[in-house]
Each structure stands twice: as structure tokens, then as C-alpha cells.
Amino acid sequence: MKLNVLNTRFLKYGFVSVVTVFLFSCKKESKVDETKTDLESVATTDVRFPAEFEPQESVWMGWPTYENKAGWSVEELHVQIWAALAPNLYLDIAVNPDNPEKEYVYDEQIERIKELMAKYKVPADKVRFHKIAHDDVWWRDMGPIFVVNKSNQLEVADFAFNGWGYEALDSEYSLAEEKIDENVAKESKLKINSSSMISEGGNREFNGKGTMMAVEVVEKQRNPKMTKPQMEAEYKRLLGVTNVIWLPYGRYDDDLTFKSKLPNEKGIKEIYTVITTGGHIDEHTRFASATKILYTEISEGESKKDPIAAENKRRMDANLKVLKSAKDQDGNSFELIAMPSAPGIIETLSPGDGVYDYLATNDSIIKQNPIPKDKPIKVILASSYLNFLISNKVVIAQKFWKPGAPESWKVLDKKAADILQKAFPDRKIITFDPRAINIGGGGIHCNTQQKPLIAK
């Protein structure tokens, strides 16, 4: 079934809250107020979040329910990614059960999926379907966060979710998407550990040994009443973190859409971000191993040509200063590996495009940074060379050159792929054009969530 983005009745666009904050707070196990003020105050954790580069049983993804831009197929890109992953693990794919109100028909979705699987030669025995209700594809953020306990069993860490700051905790969208990880845990009969703290997987990076990186401005925006020590205590309790590296900034082109427009090359503010996260770390800084960190580097030449690049350079340079002095859980420094910044890609969105329709109806955007009514707008894609998925024997990465694009983009694509190959010598680097995802505010990493392999 081809879902039409013009029929926004089943999407997050324009959702109206139907449940009170009180009911939401009752649903969650509220731990934040009880949390003591530092890592040492929390008893030794019973869980560990395995690093992404450790062995995986499967990768979870949600079957798309809409197109960010009409005609740009997220479905096809997802199945191409499955084909690249399938030789080395299982794919756990959430498909919406029948829902007449939202016009989800399970069998029609499966028919469409199998058609694309045949097209891209995805082996049927490597794909496992699950009837899990969802309206969005950002599985990194609202999907199941798998941890391993001391008995070598999987559990699920469950943080609160408010649509990356665009929604209230009690909006229909927030409440529905927040239940995804709980429903996966219930289906899999896994213990779930909950928190009322808001946090998304795309803003957390782990080395598997107890060290986590996060962008401070993002976590503070989500939890304005919490201190960093309080947040660290929740990371330790739910994820086994013993050492947190706080980076001050995210990318400028990842700022929350309701903050302000971004400048064009002449400095005129006319460009919108696309339901972006406010600075998720997986857009600019990643662990390649327990001791190696990949980070975005922007040259002086780039910053002089483009005011967006100039602001990104200021932010990434500030992050680099922190990384240079950062220590791991054992007090050791990291090996730092520079990655190029992806090209800034400007596109147009119009009424009827999924992202446009959300921008035009979201209360936060209407109040603070409204878009022109019924007119096309310029947007910048969430393009990045760091938004890759590390998996068994492969790294699924992003590329941006295509016929008609500047040749300099092809040079950047190759440089990024070469650096990734050197950083992951035992893995094959497989690249895809991610524009269909990028124009929704994220990348390939954002659409995926790994499930660790438990050694028997």
C-alpha cells in the first residue's frame, strides 16, 4: 500500500492532545525526582549498553508510513539497506497492524514490502515482521534500547519522549511513539527499565566500556529542570554508564526548526531546518572503537564561503577542544580521527510534502518561527558523513554526489568513505544516497536500532 502524505490523518502532522500530563506521568515510573546528584550515588549498575561495533543479532527498523517529500521513497531506501545488512544478521521490521482510523492495512503493507524485497533480492528468511504500532521511522530515538544485564540477558531501557522538543509530553504523537519500546519489550518478554527523563538514542554514543558521549544543549533542552549530575545518574542506572563526556554543541543545520531560520550565502535568513533535533551527536561525533572517535572537521576555506559552515566550524572546534582533553573510563585519552563535513544541500518543500505539512501545523513553529502559508520554502537537508550504522561486517554510510551535482561532492564522498574504511578495516563500507531520509531531519543511523547478539 502506497501511503499518501496528503492524507495526514495518520501522521504526527497536526495531532491534538487527548491525554493529560497527569496520565502520562502515571504511566511512567518517575525516577528522576528520586535520583541522587552524581554517578557515585547510584549503586553499581546491573546493565551494560553494548557498543554499536559489537556483534549484533539484528537491526530493528519501522516500516515507513509517509514520505518526507512527495516522490522521495523512504520505502525503497529502507529495503536497499536491508539487502546490505541481510547477509550478516536478521532484520526485525515493525509493521503497523490493521487500523481503520489511520488506514493501515497490515496485509497491504506486507504485500508492498515483499514486492520490494524481491526487487532488491532480500532473503525472506532474514526478515522478521512484528505487528508494532508506530507513525514514524526514527527508530534510533523511540525504538527499543537494548541493554545486557549481569545474567547475560537482554533488557530494554525506556526514556520519555516529546517529539524532539516539538511536542508536549501528552500530545497524541508523543504518547503513541513513546510506547514503541514498551511494546517491543512486551512482545519479546523483556524486562523494561523506565525513566521520566527525556532522552533520544541519536544523542548518545557509547564505547561499550562505560563511557558515553552526549551533546549538552540537547539534553538540557529536553530536561530543563535536571542538572547534569542528575542526568548522568539516570544514564548509569538505565545504560550502565560510568563516565560521561559532554560536548557543548550540535550542528547549526541541526538546530530546532522553531528557533530561527538559517542564513543563505548572502547572510539573509531564509532557510528552514527540517524537524531537526537540536544537535544530536550522531550527526557529528561517533565512536569507531572503544578508543577511537570520529569527529567532524570544517576547514577555514569552507567557513569563509558559507555562514552556515562558519557557525558549524565554531561549534565543532569547541567540541574538539573538549575531545582533546577527554578521558575514557580508565583515564586514557582517545585517538581522534577527522571526518569531512558533508555538503550543505538546499531543497524546496511545498504544501503536500510531509515535512512541510508538519512545519505548517506544529504549534511550537507557528508561535516562534512560522513558515509562509501555502508557499514553497527553502530547507537544508540533515546531511552528514557521521550518520552511519555500524553493523556485522559492514558500515552503512551516506553519500551525496549524483549526476548533476558538483564534482567536489564526489571528492568528499570518496574521502569520507576512505576514512571510514581505515577506521573500520574489517568491515565493508556500503554507501547510499540518503536524501529521502535527510529531508525529514535525520539519516540512516536515525532510522535503525541494533539488537546485541547474546553469546550462548
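Here's a quick look at one helix and a few salt bridges in this structure. Keep in mind that the model is predicted. It holds 27 salt bridges, and we'll pick out three of them, plus helix α10, which covers residues 307–325.

**Salt bridges around R286**

- The side chains of E52 and R286 pair up in a salt bridge, at 3.3 Å from N to O.
- E52 sits in the loop between β1 and β2 while R286 is in strand β13, so this pair ties together parts that are 234 residues apart in sequence.
- E52 has 7% relative accessibility, so it counts as buried, the cut-off being under 20%.
- R286 is buried too, with a relative accessible area of 0%.
- R286 also meets E205 in a salt bridge, this time at 2.7 Å from N to O.

**Helix α10**

- Helix α10 has 19 residues and reaches 28 Å from its first C-alpha to its last, close to the expected 27 Å.
- At the start of α10, a side-chain oxygen of D306 comes to within 3.1 Å of the backbone nitrogen of I308.
- Among the buried residues of α10 are I308, M316, L320 and L323.

**A salt bridge inside the helix**

- E311 and R314 join their side chains in a salt bridge, at 2.8 Å from N to O.
- Both lie in α10, three residues apart, which is about one turn of the helix.
- An α-helix has 3.6 residues a turn, so residues three or four places apart point the same way.
- E311 is buried at 19% relative accessible area, whereas R314 is partly exposed at 43%.

- Salt bridges with shared partners connect E52, R140, E205 and R286 into one network.

How values were computed. Residues numbered from 1 in each chain as written. Predicted model: local features only at pLDDT ≥ 70, side-chain atom pairs only at ≥ 80, totals over all residues. Heavy atoms only, no water. Helix = DSSP H or I, 4+ residues; strand = E, 2+ residues; numbered from the N terminus. Expected span 1.5 Å × (residues − 1). Buried < 20%, exposed > 50% of the residue type's maximum accessible area, 1.4 Å probe, protein only. Polar contact = N/O pair within 3.5 Å; in protein donor to acceptor, adjacent residues only side chain to side chain. Salt bridge = Lys/Arg side-chain N within 4 Å of Asp/Glu carboxyl O.
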